[in-house]
Amino acid sequence: MPFRARHLLGIETLAPDEIVTVLDLADSYVDLNRRSVKHADALAGLTQINMFFENSTRTQASFEIAGKRLGADVMNMSMAASSIKKGETLIDTAMTLNAMHPDLLVVRHPHSGAVDLLAEKVNCAVLNAGDGRHEHPTQALLDALTIRRAKGRLHRLKIAICGDIAHSRVARSNILLLGKMENRVRLVGPRTLMPSQVGELGVEVYEDMTEGLADVDVVMMLRLQRERMDGGFIPSEREYYHRYGLDAEKLAHAKPDAIVMHPGPMNRGVEIDGTLADDINRSVIQDQVEMGVAVRMASMDLLARNRLPATTGVMV
Ligand code: NCD
């Protein structure tokens, strides 16, 4: 099982065989998670610290459950109450935690690149749980596992990623992963919500949902990430829903067996119709959450196997 990485900072640095390794191991953790007794001991005796500098519901819960099911001692740092609020830098906080010898550090941060920087300073495995608009690798891996299980393969599929691409680390990691696995990726949304270097991404771009969804196997919807917008990107939510909100009528242009995905949190009636989101014949949104725990178990298990032997002090 090839997996050479020492940190999981993004999809950009993962090779296709490493992606397959994570997904294959995650498949076995899906089975474990469906049993009534869900414990394994891959992380027994190890310490996992979750540092979330941005709000999170599912990602933080998912990493916590994943660590606990594998026997790690899991600590959630409450960053709102931490010394960062007293002016301590991210690196100083990380160094302080590093001196307590964690084995796995799970970090979410509002600034792109912050997690990479931190990984250079500590001597444990670092997992990026989302940094700014940059990457959210475990989200792309759980999306990939969901697609592979629903479609029976993860190559030569047509996948439309729709909505607020410009502000989305989920979109960026998915574009990279799906591209590496030789799928055709389309980005669908208003021009104002497309990333500036869209021409370099190796994707097709559509402004019209009907054209963009034509004949696709997978429709991935994204939230309007208003907290990252610094101006008026859309005329109004009503107008946006009319043009870009996914409903049964727009979905009818995709393949008859196309699946609907959303990373959450979902804004019903803004980017997606609530009834469609709940339609278990089309929507795999709950499967994505289930796959999330399994993918995080697999990622932490593989990183723990690649750990450097225990050392003292920090690498500065
Ligand atoms: C996403 C995120 O935080 O990047 N959520 C998630 O992790 N499931 C997407 C979003 O915030 O819209």
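Helices (H or I, at least four residues) and strands (E, at least two) are DSSP runs, numbered from the N terminus. With that in hand, welcome to the tour. The model is predicted, so local features need pLDDT of at least 70 and side-chain atom pairs count only at pLDDT 80 or more, while totals for chains, interfaces and linings use all residues. Residues are numbered from 1 along each chain as its sequence is written, and side-chain values use heavy atoms, with hydrogens and water left out.

**Stop 1: T13**

Select T13, in the segment before α1 (16–33). Is T13 buried or exposed? Its relative accessibility is 69%, so T13 counts as exposed (over 50%; buried is under 20%, partly exposed in between; 1.4 Å probe, protein chains only).

**Stop 2: helix α3**

Next, pick residues 90–98, helix α3, where seven of the nine residues are buried. Colour these to see them: L90, I91, T93, A94, M95, L97 and N98. Their cover includes the strands β1 (47–52), β2 (73–77) and β3 (104–109), along with helix α4 (114–121).

**Stop 3: E54**

Move to the loop between β1 and α2, where you will find E54. E54 counts as buried because its relative accessibility is 18%. Leaving aside residues up to four places away in sequence, E54 touches R108, H109, P110, R169 and R228 (contact means heavy atoms within 4.5 Å). With R169, E54 makes a side-chain polar contact of 2.9 Å (a pair of N or O atoms within 3.5 Å; within protein, one must be able to donate a hydrogen and the other to accept it, and residues adjacent in sequence count only if both atoms are side-chain atoms).

**Stop 4: the ligand**

Finally, show the ligand and the residues around it: R58, T59, R108, H136, Q139, R169, V170, R223, Q225, P263, G264 and P265 (each has a heavy atom within 4 Å of the ligand). Helices α2 (58–69) and α6 (169–180) each supply at least two residues of this shell.

- T59: a polar side-chain atom lies 3.0 Å from a ligand oxygen atom.
- Q139: a side-chain N or O atom is 3.3 Å from a ligand nitrogen atom.
- P263: a backbone N or O atom lies 3.0 Å from a ligand nitrogen atom.

Taken alone, the ligand exposes 320 Å², and the protein buries 94% of that (Shrake-Rupley method, 1.4 Å probe).
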